[in-house]
Amino acid sequence: MMTKHLRLFISSFILLTFAKAQNNNADSTAVATTLKTLLTICKTVDFTDPKTNELGMFYKAAPYIIYRGDDKARAWKDFANYTKPEEKKGVDAVCIRINESVNRDSSFTIEKYFTKKESEGKWHVLMINYTKKGVAKKAAFAFLKIGKRFGLGDID
């Protein structure tokens, strides 16, 4: 016969496991939504938007991309600031890379989601399958959570 403490422990363990699975589902959905939004922003530049002429083609993407520059206080802990020339270059480079890869295939698929702890934090990785010029390709889009939002930190 199970003791009261053992039943309580087992019940707590099951609830924690369920809660963790629910968190992973919520995180994976949020990461996939962030990716989809970023892909759309990079692909569809609105040239009638006055800010596009003022700031640059990919200014809307900056809030979805993690700052990776030399400022150690901000690196991996903040989003890119498109008004700063070096960060603008980085954002533009990410959008160009996206447009030259995954955005070339409207039927790309998300193959897998997983997390990995690194010095920068907990990475949320989406493995993407896409086709470029008839050749099957793979890419890993890695996101970090800053506050309540996810941002793209790396593409492999």
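Let me begin with a definition: the expected span of a helix is 1.5 Å times one less than its number of residues, and helices are DSSP runs of H or I with at least four residues, strands being runs of E with at least two, both numbered from the N terminus. What we have here is a predicted model, in which local features need pLDDT of at least 70 and side-chain atom pairs count only at pLDDT 80 or more, while totals for chains, interfaces and linings use all residues. Residues are numbered from 1 along each chain as its sequence is written, and side-chain values use heavy atoms, with hydrogens and water left out.

Helix α3 has 15 residues and reaches 21 Å from its first C-alpha to its last, close to the 21 Å expected at 1.5 Å a residue. Its buried residues (under 20% relative accessible area with a 1.4 Å probe and protein chains only, where exposed is over 50% and partly exposed lies in between) include Val 91, Asp 92, Val 94 and Ile 98. Seen down the axis, the buried residues of α3 fall within an arc of 160°, taken from the directions from the helix axis to the C-beta atoms, so they line one face of the helix. The face turned away from that buried side carries the exposed Pro 85, Glu 86 and Lys 89.

Which residues does Asp 92 touch, leaving aside those up to four places away in sequence? With contact meaning heavy atoms within 4.5 Å, Asp 92 touches Phe 58 and Tyr 82.
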